[in-house]
Amino acid sequence: MRKSFRMTALIGAVLGALVVLPATTGSAYASDDPTPSAGSGSSSAQAAPLTVQDILRLNPAAKPAGAGRVEIADGVFLLLPTAGGAEAAIAAGTCAYYNLCVWENSNMSGYGLAWEACSQYDLGGARYPDGAWVGTGASGPKWNDRISSMINNQTSGTRANFYNWEGRWVQAFWTYAFDRRANLAIDKRMDNGGKINDVIDMVDPC
């Protein structure tokens, strides 16, 4: 489950792994990463969260963007962990209006990503969790196969699309704003009723 997409702004840095991929079509990432998301007890649930300063050091392309947010590409933001779930995330401005936001854990917790521009985003090109461009830095965990909750906080009726890499891009899930899914483990794929939690490889916000 992973692959590339057509996004223009993408990033680069180090650490755990998170990056954005440009508008290319089809970077083939090896096999699916069976590692559970942090919501299931992986690294970020145990390690101290990165600070904005950490992200800026690890990802030279990143820029501060307000409390709990770091812009890792044009219109793409890394969301730092916020206690309190969905309401706290929105109140803190981490998932602002016009944004599509996803998180690694259920209940909008752990690290997240937010988009305020319409461009496909290949999660397999983003190193987790610092947002660095995979093609320019050390390899490590990626953002694909890691999404466990989301908020579509875009203009009412805007459709966000989520894809899985299965030898080709397959649309597995979509949602219309406003929508909130606090635990994707209880949601099913739109195409075949299968698992949606921890399988998303590419996001097309609108």
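Which ring does the charged end of arginine 69 sit over? I looked it up: the ring belongs to phenylalanine 77, and the charged end is 4.0 Å from the ring's centre. For this label, NZ of Lys or CZ of Arg has to be within 6 Å of the ring centre and within 35 degrees of the ring normal.

**Ground rules**

I'm working with a predicted model, where local features need pLDDT of at least 70, side-chain atom pairs count only at pLDDT 80 or more, and totals for chains, interfaces and linings use all residues. Residues are numbered from 1 along each chain as its sequence is written, and side-chain values use heavy atoms, with hydrogens and water left out.

**Entry: tyrosine 128**

I went looking for another charge over a ring and found arginine 146, whose charged end sits over the ring of tyrosine 128, 3.9 Å from the centre. Tyrosine 128 turned up again in a cis peptide bond, which joins it to proline 129 with omega at about -5°. I placed proline 129 in the loop between strand E8 (126-127) and E9. My strand names are DSSP runs numbered from the N terminus (strands, E, need at least two residues; helices, H or I, at least four). Tyr128 also forms one aromatic cluster with Tyr111 and Trp143.

**Entry: ring pairs**

A note to myself: two aromatic rings are described by the distance of their centres and the angle of their planes. Rings of Phe, Tyr and Trp (its six-membered ring) pair if their centres lie within 6.5 Å; planes under 30 degrees apart are stacked, over 60 edge-to-face, and the rest tilted. I searched the whole structure and got six aromatic pairs. One of them is tryptophan 115 with tyrosine 121: the centres are 5.0 Å apart and the planes are at 75°, so I wrote down edge-to-face. Buried or exposed? Tryptophan 115 counts as buried because its relative accessibility is 0%, and tyrosine 121 is buried at 0% too. The cut-offs are under 20% relative accessible area for buried, over 50% for exposed, and partly exposed in between (1.4 Å probe, protein chains only).

Next I checked phenylalanine 162 and phenylalanine 173, a tilted pair at 5.6 Å centre to centre with 50° between the planes. This pair links distant parts of the chain, as phenylalanine 162 is in strand E10 and phenylalanine 173 is in strand E11 (residues 169-176), 11 residues apart. Both of these phenylalanines are buried.

Where is threonine 155? I found it in the loop between strand E9 (149-153) and strand E10 (159-165). Threonine 155 counts as partly exposed because its relative accessibility is 37%. Leaving out residues up to four places away in sequence, threonine 155 touches Tyr97, Tyr98 and Ala177 (contact means heavy atoms within 4.5 Å). I also noted 7.5 Å between the C-alpha atoms of threonine 155 and phenylalanine 178, which are 23 residues apart along the chain.

Phenylalanine 178 lies in the loop between E11 and strand E12 (179-181).

**Entry: positive phi**

Reminder: most residues other than glycine have a negative phi, and most peptide bonds are trans. Asparagine 107 isn't a glycine, yet its phi is positive, about 60°. Methionine 108 isn't one either, and its phi is about 55°. I put asparagine 107 in the loop between strand E5 (99-103) and strand E6 (112-115), and methionine 108 is in the loop between E5 and E6 too. Asparagine 107 is partly exposed at 41% relative accessibility, whereas methionine 108 is buried, with a relative accessible area of 1%.
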